[in-house]
Amino acid sequence: MRTAIVHPGADNLRYEIRQIVEVAKAIAAAGQPIRWENIGDPVAKGENPPAWIKEIVGEVAADDLSFAYSPTRGLDDTRAYIANERNLEGGIQITAEDILFFNGLGDAISTIYGALHPAARVIGPNPAYPTHSSAEAAHAGAPHITYRLDPQNGWKPDLADLESKVAANPQIAAILIINPDNPTGFVYPQETLAAIVDIARRYGLFLISDEIYSNLAYPGSDMRKLASVIGEVPAIAMRGISKEFPWPGARCGWIEVYNRDRDADFDRFARSLLETKMLEVCATTLPQRVLPRVMGDARYYPYLEQRVSAYDRRAKRAVEVLSAIPELTIHPARGAFYMTAVFRHGALDLAQSLPASEVASTIIAPHLSAALDQRFVLHLLASTGICVVPLSTGFNSDLQGFRFTLLEADEGKFETLLFDLAAALRAYLASAKAQAKSAIPASVSAA
């Protein structure tokens, strides 16, 4: 081309959660059954939406207006319902005008980072959810800036690390929170949220809080939405129904804008999001019309409690099984349906492997990189068919580990998965030592 056509940040767009699927499909075609633990799709994992939700969707779909455009901001009644629900929780009070619907939070994330000034940066957690980190890095044309979630401290944010990076990088305009967190399952305590809000206040920043899993926090997690502690600091909270109903195919999410009247620049930024959405016309209509009826149904929150209890139980069982491996650090999830295990420093090396068919070994060979946790994930996939996501390449992290889901509804299959994963981990971690020992000449070993 006579002029450059590729955005300078294009190479930062990577979503290994789905990219590993291509490798897994090739291994499956070679005869290895795959156990998909990479993508957080409850429906694909066999978690069926209840019949009463399907009945509501069917009734609403029978109305011709469900096939029409919705207002650009979203349906008035639905936005009023959400604003009322938020206001009942206490904290900041909002109106329907503070809510803007998108075609899922992926659309919202893309719009938010795309609307930022090219020099403005958003600092986010490490490990990082790739939709956020890739979009932010692509927007800036530079690596995503992160603050540390500490695996040695139950995944709590390192607030000193956060503030030091905010102070050292004046281009940082916002702090990202994912609560409950993906990939770790961590839930931010109220005092931690308040401390982050205080950092934003003192440095003149706004906050983004991705709360897509907020209604999937576990009992005793002390989950609090950002609205409860935001005070007068400008912020954007992000919600959706993909994980809750669950209805990921609906592509229905929204943002809630807080304190836009407190800062003229933030108000202009919020208006630019609406103006960008006008170019798309609107978000999908059917799920917006369904939302108040489902969430307002007396069966909704008891239904969520049943799901959350199952995730909580599986998270605790995963810790029981995997914490017996001394080379791993693992904490139970407190929300969402993911967990992350971290390898202790020095546990991994390039000599480790797992037995696999010649075909599977050939398939993974071109994808083996210097990332030690990615090598483990690929060997695990080739040997056992268990598909998880490496922490370093999948979640923009300097830690080595992997994320797996808690979505296997068959308790027997979940138990088998844990034991197969634990056995593979032990075999992989011991493999380099076994190879080194076998390489010693018999005369030397006898001596």
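This is a predicted model: local features need pLDDT of at least 70, side-chain atom pairs count only at pLDDT 80 or more; totals for chains, interfaces and linings use all residues.
In soluble globular proteins, nonpolar side chains tend to be buried together. Here the largest nonpolar core has 138 residues. Within that core, the members touching the most other members are Ile 175, Leu 207, Ile 255, Leu 322 and Phe 402. Helix 10, which spans residues 300-322, gives the most to this core, contributing 10 residues. Leaving aside neighbours within four places in sequence, Leu 322 is in contact with Leu 328, Ile 330, Phe 404, Leu 418, Leu 421, Ala 422 and Leu 425.

The cysteines come next. The whole structure contains 0 disulfides. For Cys 252, the nearest cysteine sulfur is that of Cys 282, 11 Å away, and Cys 252 is in no disulfide. Cys 282 is likewise in no disulfide, with the sulfur of Cys 252 as its nearest at 11 Å. A disulfide would need the two sulfur atoms within 2.5 Å. Both residues are shielded from solvent by the accessibility criterion: Cys 252 counts as buried at 2% relative accessibility, and Cys 282 is buried with a relative accessible area of 11%.

Charged side chains form 33 salt bridges in the structure. One of them joins Lys 225 and Glu 89, with 3.1 Å from N to O. This pair links distant parts of the chain, 136 residues apart: Lys 225 sits in the loop between strand 7 (206-210) and strand 8 (235-240), and Glu 89 in the loop between helix 3 (76-88) and strand 2 (99-102). Lys 225 is buried at 13% relative accessibility, whereas Glu 89 is partly exposed at 44%.

Because the two residues are 4 apart in helix 7 (residues 190-203), about one helical turn separates them. Asp 198 is partly exposed, with a relative accessible area of 28%, and Arg 202 is partly exposed at 40%.

Helix 10 returns in another pair. Arg 334 and Asp 312 meet in a salt bridge at 3.2 Å, N to O. Arg 334 lies in the loop between strand 10 (328-330) and strand 11 (338-343) and Asp 312 in helix 10, so the bridge ties together parts 22 residues apart in sequence. Asp 312 is buried at 8% relative accessibility, while Arg 334 is partly exposed at 23%. Finally, a network of salt bridges links Arg 73, Asp 76, Arg 79 and Glu 97.

Terms used: Residues are numbered from 1 along each chain as its sequence is written. Side-chain values use heavy atoms; hydrogens and water are left out. A nonpolar core is a set of buried Ala, Val, Leu, Ile, Met, Phe, Trp, Tyr and Cys residues joined through side-chain atoms within 4.5 Å. Buried means under 20% relative accessible area, exposed over 50%, partly exposed in between (1.4 Å probe, protein chains only). Contact means heavy atoms within 4.5 Å. A salt bridge is a side-chain nitrogen of Lys or Arg within 4 Å of a carboxyl oxygen of Asp or Glu.
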